[in-house]
Every structure is written in C-alpha cells, then in structure tokens.
Amino acid sequence: MHTTPHITFANGDRLPQLGLGTWRSEPGEVASAVQAAVRAGYRHIDCAAVYGNEKEIGAALAELFDAGEVQRSDLWITSKLWNDAHAPDDVAPTLLQTLADLQLDYLDLYLMHWPVASLPSGRLISLDERPLLATWNALAAEVKAGRCRHIGVSNFSAKKLADLVRDAAHKPEMNQVELHPYLQQQALVDYCQSNGIAVTAYSPLGSPGRPAGLVSGDDPILLQEPVLAEIAAAHGVTPAQVLIQWALQRGTAVIPKSVKPARIAQNLAAVQVTLSADDVAKITALDRHRRYVTGVFWVTEGGPYTLATLWDEDLG
Ligand code: A2P
C-alpha cells in the first residue's frame, strides 16, 4: 500500500493530504464508502454536520474500531460548524452533537463552514450582528476543552483570514476552499501557505455531483478537459487521478468525494502519479477563476451578503 503524503502542523500532528469527501454521500451509502476508504488505506475523512450523514459515518467508524481494523489515533477526522450555530454559546453544544453523531471523543479538525451567519430559522444575519471573531474565539475554547485538536475555517478569502490572523489569539490553522485547475486561487493558496495556514482543496474533480441549483448550462466540465485527458493518457492514469495529484503537488490536502469502491481506490492510487514540470505548466494554463460552488445560496433579495462581500472579490 502506498502511504499518502502529510501536512505537518506546528505541534507535530500530521494530516494525511488525501482524504475522503462526504458532501452529497447519501446516508444510505456513506457507511460503506467510509469503510471501503479506510480498508483501501484512507486515514482522513472530511465531514460536516450539514451533510446530514454524520450518524451513519459514526456507525461505520465504530464498526471499524470494534473490529480492530483501524484505531482512532490513526485517523484524521474533520467536521464543520454550520452557519446557524455561530453564536458563541451554540458552539460547544453543536460540536458535542457532532461528536455524539460521529461516536468520537474529539475531532482532529473543526472548521467554521462559511463566513456566513444565520438564525436557526435559516434567516441570514450580517457579520456585524454575528462577528466571525466571536465565533472563532468560541472554537478556540473547544481546543482548550479538548474536543478538537485543531481549528480552521472554510470558504474564507485572504482578507477575512488576515482579519483573524490580526485579531485572534489562536491563529487559524486551515482554510478549506474550492480548488481545481479552473479555480486555482494561487494568491489565496500563497497567502495561506506563507502564513502557516494549511489549505484543503474541495471539489477537486469539479464537483460533477453538485446540486442542480449550482449547475448552469455553460459550465465547463472539468473531468472532460482535453488537456487533462492528454496528460492522463501519457501517464496511463485517469483525469481524476491527474487532478488529485496536481492538488497534492501544490501542497494542499484534497478530499475527492466518492461512494463507489472502485473510484475510492482509484482516487487513492493517485498518490503514485508524478506530474512533470511540463504537465504542471499545462495545468496552470487552464485557470479561469471558475467556481462551481458559487455561494449564490447566500445572496438573497435585501439580505446581508453579496457575492462580492462573500468572496471579497470585485466581480465586475
Ligand atoms: P460518485 O460518488 O458516484 O463516485 P468532487 O470531489 O469534486 O465534488 O467530485 C465528486 C464527484 O465526482 C461525485 O459525483 C463522484 O461520484 C464523482 N467521482 C469521484 N471520483 C471519481 C473518479 N475517479 N472518476 C469520475 N468521477 C468521480
């Protein structure tokens, strides 16, 4: 078995760079996917409360532990705090619920899922009303309490990260964002990596299974990109494997989602591919700043968020 490369945190903890994504893994199929992944050699599972499948993942992990197939200390488990639990007093009970669902005593990493706050009713509230720093400080208290080993954020711009880096005593350790050749975000990756913030690439395959609300007719299909097909053919691998190895060679963690055992194994085998400088140059040239997970669901008529304020980008 080929071991995956790692990202080492300041305290020496090691995050296996390749993990299993579980967004849109249905409750009825996620347990077998997690077990297939662990049996194939995955040691990193990326979860979130909002995915609605943490109970099933917890049951799958408990079976693996009980059967002695893997130990808790050999796994890296990430989960994420949903937008409706940003109130500082809600953070501990929400994390405890995730731990109960996953049947775990601690998480390796807990992320703020979006820089977006809502009430339990779903009504969006502004970041002035619910400042990110207050939520962040409540996450830091969870590290002190021993319920998670590391904390970070997801979907944060460099600007929002820089605010946290400036204001927070506990520095963010991870930013999980959409990254693939059509959305390379090199400046954001550079900002993170030069400030000791690890990066995880989500939707590394271009999120072909994203919900209909995020699909529009003119979306380019990443897995059908001819340049990737050419590189894949030259190495005798698949385009998905090229995408995963490209993410690994950038120094990011990467969490391709699959519920199919053959693809789960194929995606792990991507660690054995080596892309040449020429391959990487061809992939770099594919960048077009194209998001699949656009964040449009946070933009409501008269609401507190716009795409420009969400991503801190001038969208012209
Ligand atoms: P499935 O779960 O049926 O295998 P992303 O991580 O970018 O969101 O991509 C996940 C999507 O890509 C899922 O729809 C998944 O479907 C599909 N997928 C995962 N691995 C592969 C692969 N090796 N080749 C093609 N499609 C894949």
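Here are some questions and answers about this predicted model.

Q: Are the helices α3 and α4 roughly parallel or oblique to each other?
A: Two packed helices are described by the angle between their axes and the distance between the axes. Here α3 (residues 88-102) and α4 (residues 132-144) pack at an angle of about 40°, with their axes 8 Å apart. Angles under 35 degrees count as roughly parallel and 65 to 115 as roughly perpendicular, so α3 and α4 come out as oblique.

Q: How many residues of the contact of α3 with α4 are nonpolar?
A: On the α3 side, the contact is made by Pro88, Val91, Ala92 and Leu95. Helix α4 brings in Ala134, Thr135, Ala138, Leu139 and Glu142. Sort that set and you get 1 charged, 1 polar and, for nonpolar, 7.

Q: How many of the 11 residues of helix α8 are buried?
A: Buried means under 20% relative accessible area. Among the residues of α8 (residues 239-249) that pass are Leu243, Ile244 and Trp246. The buried residues pack against α7, β12, α9 and α10. Helix α8 is largely enclosed by the rest of the structure because its buried count is 9 of 11.

Q: Which residue in β10 is the bridge partner of Val153?
A: Strand β9 (residues 148-154) pairs with β10 in the parallel sense, over 2 bridges. Strand β10 (residues 174-178) is mostly covered, with 5 of its 5 residues buried. In β10, Val153 is bridged to Asn175.

Definitions and conventions:
Residues are numbered from 1 along each chain as its sequence is written. This is a predicted model: local features need pLDDT of at least 70, side-chain atom pairs count only at pLDDT 80 or more; totals for chains, interfaces and linings use all residues. Side-chain values use heavy atoms; hydrogens and water are left out. Axes are lines fitted to C-alpha atoms, for helices over the stretch in contact, and angles run from 0 to 180 degrees between N-to-C directions. Helices (H or I, at least four residues) and strands (E, at least two) are DSSP runs, numbered from the N terminus. Angles under 35 degrees count as roughly parallel, over 145 as roughly antiparallel, 65 to 115 as roughly perpendicular and the rest as oblique. Contact means heavy atoms within 4.5 Å. Ala, Val, Leu, Ile, Met, Phe, Trp, Tyr, Cys and Pro count as nonpolar, Asp, Glu, Lys and Arg as charged, and the others, Gly among them, as polar. Buried means under 20% relative accessible area, exposed over 50%, partly exposed in between (1.4 Å probe, protein chains only). Two strands pair if DSSP finds at least two bridges between them.
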